[in-house]
Amino acid sequence: MAKGEQARAKKRKTARGDGKLASEASRHVLRKAKAGGLGKVAGFTDSNASWLKPKSKRHKAAEAAQVARPDSDDSMGTSGDDFGSEEVSSAEEGEQCKNLLESEEEGDGSSDIAGSRSDGAESIDSEADLEEGSSGSEAELEIEKKSRLVEKQRARDKMHAEAEIKDMALQWQREAEGQDDELDDTSMIIPQAVPDLTEVKTRIAEIVNVLENFKTLRNPAMPRAAYVDSLKHNVKTYYGYNGFMVDCILGLFGPAEAVEFIESSEVARPVTLRTNTLKTRRRELAAALINRGVNLDPIGKWSKVGLVVYEAQIPLGATPEYMAGHYMLQGASSFLPCMALSPQAHETVVDMAAAPGGKTTYLAALMRNSGIIFANEMKNERTKSLVANCQRMGVTNAVISCYDGRQLTKVLGPKHADRVLLDAPCSGTGVIHKDPSVKSSKTTNDIWNCVNVQKQLLLAAIDLVDAASKTGGYIVYSTCSIMPEENELVITYALRKRFVKVVSSGLEFGREGFARYRDFRFHPSLKLARRYYPHAHNLDGFFVCKLKKLSNGAKPPTGEANDGDETAKADAALQTGEDANPVSVPLPGKPRAESNGVRRDGDDGEGADGRRAEQKGEKKKKKRERGIVKKAREELMEEMRKLKATDDAR
Amino acid sequence: MRPLTEEEAKMVFEKLYKYVGKNLKALVERSDEAHCFRLHKNRVYYMRESLFRKAAPIARDNLVALGTGIGKITHGGKFHLTVGALELLAQHAKHKIWLKPSSELQFLYGNNVLKAGLGRITDNTAAYSGVVIFNMADVPLGFGVMARSTIECKTLDPTAVVAFHQADVGEYLRSEETMS
């Protein structure tokens with residue numbers, strides 16, 4: 001028995017050794033398999049779930065199987081041994097060994113082969129697995145991996161960007177505090193919020209989108225005003241406009257168009273040049289310039305003398321052709337007032353604000369150097385460029401003077417000219433790309449100061465023209481401003497003060513002038529005026545209006561005289577007849593137009609208007625009341641009520 | 001603005017005569033409309049008579065220029081033709097030279113005309129006579145005084161001066177401030 005036992009123990013030992021060997025070999029193979037296909041581990045799919053279980057689970061399952069069938073060898077023989085042997089607790093070891101022994105006893109020599117076979121089977125299995133993975137789940141995982149990488153990258157970028165912003169904020173703060181030179185580190189830790197410009201831009205686009213489709217896209221909790229305010233704020237931060245300018249632009253255009261306008265005001269218009277027909281022809285000039293390596297094209301159907309330059313290897317302002325006066329570099333928009341004026345040969349024409357002479361030389365070319373052009377410029381320094389340009393372009397019919405335009409009527413005498421061109425000095429809101437300071441520097445006061453001068457200049461221009469002129473009697477008023485205050489309002493003022501009417505300027509394109517804008521009501525004939533915008537026409541923002549003088553002299557300052565003039569009939573109709581003073585019009589919403597500045601709201605005139613409006617029929621009042629006036633009236637009523645209450649109390 | 005005195009007129013006509021020769025008569029007695037010379041702030045202007053009549057109401061201080069400015073009377077009392085006269089001279093010029101395209105710009109920067117830049121020249125141009133200078137496309141670029149006669153020019157070496165620079169259209173850019 002002892003002998004038998006010994007032998008058994010020995011056998012067990014060897015068997016154990018064998019088993020160890022076998023298990024080790026199988027373990028090695030397994031490791032190899034594992035190492036060989038790491039992807040395989042990730043490649044486990046549900047189809048393998050029948051046999052593939054997490055280690056602990058499987059162990060438990062094996063144990064359960066063992067408990068149920070303590071002598072079931074085959075289950076251990078193929079797959080159990082290699083897995084099971086890896087994580088056996090010391091308590092179980094004996095039993096495990098026994099099991100092993102028993103299993104090994106069955107086929108001692110073949111254990112290796114069996115092990116290897118089993119391994120082989122498994123490796124085949126896993127290979128199949130791998131294939132399956134690569135065909136289906138693996139691709140998905142690739143994407144996931146990629147997306148994870150991208151996400152990581154984004155997160156990193158964001159972190160960097162934030163760090164940079166913080167850094168910049170710190171720097172700015174440091175610069176701001178630079179004068180003090182006493183930098184407190186703790187104070188710098190709180191950086192000022194620096195707006196992320198791309199974010200602001202996308203926000204602008206979003207708000208514009210919402211405002212354009214307000215019914216469908218709005219957040220019902222937010223009123224439209226809130227959206228508009230937010231748009232204003234973002235435009236201010238992104239483009240550097242001041243509040244006044246943004247208000248004006250949003251008053252002129254819808255939100256989408258306003259942003260378009262602002263966007264296109266950032267970039268310069270294409271370079272254009274005008275052929276000097278006194279010296280050459282457009283085709284010859286184009287050929288000469290193309291020879292010099294300039295890429296150009298005719299400007300469009302509307303002009304026979306304009307060329308637009310796409311690309312130039314040489315400076316266009318210093319070619320022999322330029323010096324010889326064959327062309328003038330000038331914006332396409334400044335052709336328009338000259339074309340509108342269309343001076344005839346042998347006429348007397350006055351250009352009231354002529355420097356640097358682009359329009360004057362065009363007028364001379366249109367007149368073929370006949371007749372006479374009084375080219376006036378108020379500033380002495382600017383007359384130099386005017387003289388040089390006139391000489392260069394071969395203008396011989398110009399008389400260049402240096403007066404304040406308002407004095408010209410006195411100097412030349414009234415009724416002196418057949419046609420007058422008034423390209424009035426203005427706020428320059430149409431040519432923001434030329435002077436970006438306009439965006440932030442202009443205020444209501446600047447605009448009204450311009451308006452004041454413009455009104456006086458326009459009256460002077462009208463006085464200069466002889467209504468009895470056989471060929472002429474025209475005035476062209478133009479500005480490079482888009483503000484209706486500087487354009488339509490000035491014309492309306494002139495219509496009230498002089499016997500003139502608005503006539504078609506003969507320009508094929510351009511938008512109609514405003515007949516109404518905010519709470520302004522202009523003369524309906526102002527639709528004949530033309531407006532140009534950078535985003536719509538690729539020209540500078542411009543306004544052109546042609547007036548025909550009907551009769552000499554000024555209108556008497558009474559309203560009755562207005563009725564006598566046929567052109568003022570519509571005006572008179574607007575003014576509801578009863579006003580003795582055409583200056584303060586009783587129309588609610590129509591601003592008082594006086595030479596010493598016009599204010600739209602908030603002063604006593606509105607109150608008076610409101611009171612007068614009250615006296616009229618309810619219907620009329622409702623029809624004509626608009627925002628500001630309504631508010632003013634309500635305020636007034638409230639005040640009255642309060643006064644009454646206090647009186648009653650007394 | 002006033003008419004030229006006899007002395008001034010003599011100076012002006014003599015100078016013009018150097019460039020246009022007998023065509024001066026056509027300049028003074030024009031067939032289309034009576035033209036005249038006027039002096040304003042030491043500058044000599046050439047204009048239609050109707051023009052200066054209409055310009056009469058403008059005060060002397062405020063009048064900057066009118067018609068065609070052809071020259072100025074210097075402090076020393078001499079008369080200088082300026083580039084404004086170029087068009088008049090080019091129309092009636094007796095002697096002309098044409099520049100090669102390569103030397104066009106050199107002349108427009110105020111340099112003399114060298115033999116190398118000489119494209120064409122009128123025959124029988126004497127030395128020290130006034131010439132109007134064109135480019136090969138017949139665009140007048142300026143005027144000057146011949147340094148050599150036509151015959152001498154043929155045998156000159158390329159770097160020798162053919163004509164001295166007096167005025168060129170580049171002045172419109174270079175000295176815009178002194179135009180009036």
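A quick definition before you click: a salt bridge here is a side-chain nitrogen of Lys or Arg within 4 Å of a carboxyl oxygen of Asp or Glu. Keep in mind too that this is a predicted model.

Start by selecting B:E104 and A:R292. They form a salt bridge, with the closest N and O atoms 3.0 Å apart. Across the interface of chain A and chain B, the rule finds two salt bridges. Side chains of opposite charge can pair when their charged atoms come close.

Now widen the selection to the whole contact. Chain A brings 35 residues to it and chain B brings 30 residues. About 2,700 Å² is buried between chain A and chain B, and carbon and sulfur atoms give 62% of that area. Next, pick out A:M323, A:K384 and A:Q391: together they supply 23% of the area that chain A buries against chain B, more than any other three residues.

Over all chains, the salt bridge count comes to 22. For another of these pairs, go to helix α9 (residues 197-212) of chain A, where A:E199 and A:R203 sit four residues apart, about one turn of the helix. The closest N and O atoms of A:E199 and A:R203 are 3.1 Å apart.

Then jump to A:N538, in the loop between α23 (534-537) and β15 (542-554) of chain A. A:N538 is not a glycine, yet has a positive phi of about 55°. Most residues other than glycine have a negative phi, and most peptide bonds are trans.

Last stop: select A:E634, A:E635, A:E638 and A:E639, which gather in a patch of negative charge on the surface. One of them, A:E635, is found in helix α28 (residues 627-649) of chain A.

Terms used. Residues numbered from 1 in each chain as written. Chains lettered and ligands numbered in written order. Predicted model: local features only at pLDDT ≥ 70, side-chain atom pairs only at ≥ 80, totals over all residues. Heavy atoms only, no water. Patch = residues over 30% accessible without salt bridge, like charges linked within 9 Å, V, L, I, M, F, W, Y side chains within 5 Å. Areas by Shrake-Rupley, 256 points an atom, 1.4 Å probe, with all protein chains shown as cover. Lys, Arg positive; Asp, Glu negative; His and termini not counted. Charge placed at Lys NZ, Arg CZ, Asp CG, Glu CD. Helix = DSSP H or I, 4+ residues; strand = E, 2+ residues; numbered from the N terminus. Contact = heavy atoms within 4.5 Å. Buried area = accessible area lost by both parts, 1.4 Å probe.
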